[in-house]
Amino acid sequence: MAMEVTSRSVVGGRPDKAASYKEIQQEPSPGMVRSISRARFSPLGLRLMRRNFSSRAPELSGGKAIILSVPKSGRTWVRTFLCAYFCKRHGREFTLEPERYREPGIPRLIFSHDLFEHRTKGDLWDRIRGKYLVPRKELRRAKIILVVRDPRDCFVSLYVQVTRRDPGASAKFKEKTVSDLLRDKGFGIRAIVKTMNDWLNEFSGRDDFTIIRYESVRASPAEHFRSLLAALGETAPDMSIFQAALDFSQFENMKKMEAAGAFDSKILRPGDVRDPESFKVRRGKVGGYREYLSAEDQAYAADALTKLDPQFGYDPRGENAP
């Protein structure tokens, strides 16, 4: 299924406010100059650095599609739906790793935080080996799906995860305030914006690149999950199976499963079942960042969003309609 990354190919995007990337390059407005500059120069740098010499490379290889996201963009929800759909379609018990069944009809899907993890996780040796990067040849071969969410909501959820769930985070890091982390060079909102822009610059020229907006899926899950399946080649899904997967992946059901330890993944277990903030499936609220960020922090975050490519459809003023 060929898709040009324009306002039409952004699943849940707002076509009246986003021009195609090629059009932006031809007729730049003053506010677009910085974004276009990145588009001209960043892809070369990304291509040069895309090497994965680590033992983890096979885990990031062999997929029909590669689903990229900044942490806390809704990837667990997307993954749960897709796994539920394909498992039920082939009469298999639900698992987050359905490729283990070796069913020809169940596609191997690679889920990765890619550039974000490359820049924030591990040590210098990990980055030299490209441990967290999807290999370049895999990106060339597979379809690319980018799951995005308002960077402010992403950041707040990431802050809660680091300070309430992540056992590997240092005590010093966990002691940081939300204001401190918002401005952090690696984990802060400007780093999230940069990663999203870099992905768009790297993949926007492809006809098999699709963007899915979390906010739009929350507003109309059936519509946008059907579009997601279509991007994977499932243009005529069995609607009874589709509905069952949709029901299974509802937010409240996922939260109950996490509390009960029903997910076959150690990353989908709460840090403390008595603390709702320590759940992987936490709130999923659109615009929830306002409850965590002060007026000053919201102004800082809004300024960071002015650097985000407008094709993502996120308004710095917070008016992010689905």
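**The strands and their surroundings**

Reply: β2 and β4 pair in the parallel sense, with five bridges between them; two strands count as paired if DSSP finds at least two bridges between them. Strands here are DSSP runs (E, at least two residues) and helices are runs too (H or I, at least four residues), numbered from the N terminus. Residues are numbered from 1 along each chain as its sequence is written, and side-chain values use heavy atoms, leaving out hydrogens and water.

Back to β4, residues 143-148. Its Val147 is the bridge partner of Ser69. Because six of its six residues are buried, β4 is largely enclosed by the rest of the structure. Buried means under 20% relative accessible area, exposed over 50%, and partly exposed in between (1.4 Å probe, protein chains only). The cover is on both faces of β4: Lys143, Ile145 and Val147 make up one side, and Ile144, Leu146 and Val148 the other.

β4 also has β5 (residues 209-213) as a partner, running parallel to it over five bridges. There, Ile145 stands opposite Thr210 in β5.

Now go back to β2, which pairs with β3 as well, in the parallel sense and over four bridges. Ile66 faces Ile110 of β3. Getting from β2 to β3, the chain passes through helix α3 (residues 75-89), and this β-α-β crossover is right-handed: with the strands pointing away from the viewer, the path from the first strand over the helix to the second runs clockwise. β3 (residues 109-112) is covered on both faces too, with Leu109 and Phe111 buried on one side and Ile110 and Ser112 buried on the other.

What about the cysteines? Cys87 is buried at 1% relative accessibility, and Cys154 is buried as well, with a relative accessible area of 1%. The closest cysteine sulfur to that of Cys87 is in Cys83, 6.0 Å away and too far for a bond. The structure holds zero disulfides, a disulfide being a pair of cysteine sulfur atoms within 2.5 Å.

After α12 comes Gly233, with a positive phi near 100 degrees.

Zooming out, the chain has 15 helices and five strands, and 55% of its 322 residues are buried. Of the contacts with a separation of 6 or more, 75% are between residues 24 or more positions apart, a contact being heavy atoms within 4.5 Å.

Finally, confidence: pLDDT is the predictor's confidence in each residue, from 0 to 100. Residues 1-9 have pLDDT below 50, with 27 contacts beyond near neighbours in sequence in the model. Residues 14-42 are below 50 too, with 42 such contacts. Where pLDDT is low, the predicted coordinates should not be read in detail.

Conventions. Predicted model: local features only at pLDDT ≥ 70, side-chain atom pairs only at ≥ 80, totals over all residues.
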